[in-house]
Amino acid sequence: MDGSVTSDVLRQHLIDPEICIRCNTCEEMCPEDAITHDDLNYVIDFDKCTMKGDCLPPCPTGAIDSFRKATRPWTIEEQFGWDSLPPDAEPVVESKGPLPEDVVAITENATSGAGGQTLPPWSAAHPYINLYTPEQPAVATVMGNMRLTDESASTGIHHLVLDFGNNAFPYLEGQSIGVLPPGEDENGRPHHVRLYSISSPREGERPGYNNCAITVKRITEDNDGNPVEGVASTFLCGLEKGDEVNVTGPFGTAFLMPNHAGANLLMICTGTGAAPMRAMTERRRRKWARGAREAGGSMTLFFGARTAGELPYFGPLKKLPQEFMDVQMAFSREPGAEKEYVQDRIRAQGKQLAGLLRDENTFMYICGHRRMEDGVEASLTDICAYHDMDWPQIRDRMRLAGRYHVETYY
Ligand SMILES: Cc1cc2nc3c(=O)[nH]c(=O)nc-3n(C[C@H](O)[C@H](O)[C@H](O)COP(=O)(O)OP(=O)(O)OC[C@H]3O[C@@H](n4cnc5c(N)ncnc54)[C@H](O)[C@@H]3O)c2cc1C
């Protein structure tokens with residue numbers, strides 16, 4: 001059996017019998033001879049399919065772009081009998097009951113842009129969610145609170161390390177925690193939860209410790225430039241060592257990193273969108289430091305900020321060797337330099353990007369301010385057009401295969 005199994009649910013590549021025109025192209029293209037047919041249906045043998053994807057581009061209808069979650073593989077005999085595809089099996093995600101409504105609404109909003117709801121990478125580890133609730137939060141202790149951006153920078157971004165003490169808080173790179181700010185809103189109700197992406201790899205900010213870091217931008221003005229004090233971000237950035245924070249979560253079941261060898265990570269972020277990228281990068285960096293260089297495919301990071309001083313984790317990023325990760329930084333307000341936005345940097349690396357997008361083993365992550373999405377979409381559309389590719393088609397195929405992930409927020 002190929003490795004397309006997470007701990008409880010597997011992802012299986014199938015062919016949609018309702019739209020397949022039985023043209024035989026996929027069967028001819030499959031290097032593993034995993035595709036076969038009878039008088040009725042074209043089907044895929046789970047034991048032979050390696051999900052390399054050679055069969056995907058030539059399919060004229062998109063019937064081949066079909067993936068289902070299942071608790072055991074559908075056999076080819078079962079597939080021969082289908083008129084339509086079965087529904088996804090419910091993913092087994094460890095959760096203490098249903099997600100709070102505000103978390104569902106916030107998450108839907110964060111994925112409502114170009115990303116849309118998506119699946120996790122097929123080889124992602126099994127996430128735990130919603131272990132701590134507003135009624136029973138985990139009380140985390142602040143172990144450190146460091147300003148990452150220059151004092152002169154217009155935005156103060158902080159790196160906070162939270163320790164969960166004796167409360168088990170298992171998480172994966174790409175997941176978020178909920179922070180419950182103390183006090184009440186103008187209606188006398190407790191403040192609603194705010195989500196923050198975890199910026200540590202799964203084994204802890206300090207390996208083996210029950211802690212995690214978050215990357216918080218202090219909100220000092222609203223989106224129209226009017227001065228405001230963000231409730232949660234002001235609270236978090238003002239915390240001192242030893243202070244306590246009520247935390248819910250973890251949350252997130254899709255924006256997760258692939259675990260299989262050879263998976264390329266293509267990461268695009270601005271500002272605090274760096275948090276999940278740092279978590280994923282650190283996961284790979286620690287493996288790399290232990291000599292497991294073959295464990296991952298390539299890593300490419302496009303990172304935009306106004307100036308170098310406003311780019312969180314700038315120092316550590318600059319020290320990473322090129323053979324470990326290709327870091328492409330874009331600064332839009334660096335004194336004496338030409339304005340460059342993240343989408344400009346992406347365009348400048350068009351050939352490299354096109355190669356990555358053609359590779360079925362590329363997993364893409366976009367995170368940061370909602371405003372970044374349009375520019376990134378436009379640059380990817382242009383690059384693909386220049387290289388005879390169709391970005392919306394590629395994006396949809398990647399999303400279906402759990403390879404395209406966007407989380408943006410205001
Ligand atoms: C999935 C997810 C992950 C997130 N990860 C992070 C993270 O890693 N780091 C991080 O700092 N934030 C992150 N956020 C945003 C975070 O949840 C809060 O929304 C943010 O910190 C503002 O909360 P606040 O209570 O300080 O501001 P509020 O009191 O809620 O808002 C005050 C005012 O500021 C405006 N505002 C809110 N957010 C912003 C913003 N980002 N930029 C400009 N104006 C804003 C509001 O419209 C409002 O007018 C994430 C959001 C989501 C959905």
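A polar contact is a pair of N or O atoms within 3.5 Å; within protein, one must be able to donate a hydrogen and the other to accept it, and residues adjacent in sequence count only if both atoms are side-chain atoms. In this predicted model, local features need pLDDT of at least 70 and side-chain atom pairs count only at pLDDT 80 or more, while totals for chains, interfaces and linings use all residues. Residues are numbered from 1 along each chain as its sequence is written, and side-chain values use heavy atoms, with hydrogens and water left out.

An oxygen atom of the ligand is 2.9 Å from a polar backbone atom of lysine 217. A nitrogen atom of the ligand lies 2.7 Å from a backbone N or O atom of threonine 215. The protein covers 82% of the 920 Å² of accessible area (Shrake-Rupley method, 1.4 Å probe) that the ligand has on its own.

Around the ligand are 23 residues, each with a heavy atom within 4 Å of it. Domain 2 (112-120 + 255-409) and domain 3 (128-251) both contribute to this shell, so the ligand lies between them; the domain bounds come from an automatic or database domain assignment. Strand S10 gives the largest share, four residues, strands being DSSP runs (E, at least two residues) numbered from the N terminus.

S10 leads on to strand S9 (residues 176-180), to which it is joined antiparallel by four bridges; two strands pair if DSSP finds at least two bridges between them. Here valine 179 stands opposite arginine 194.
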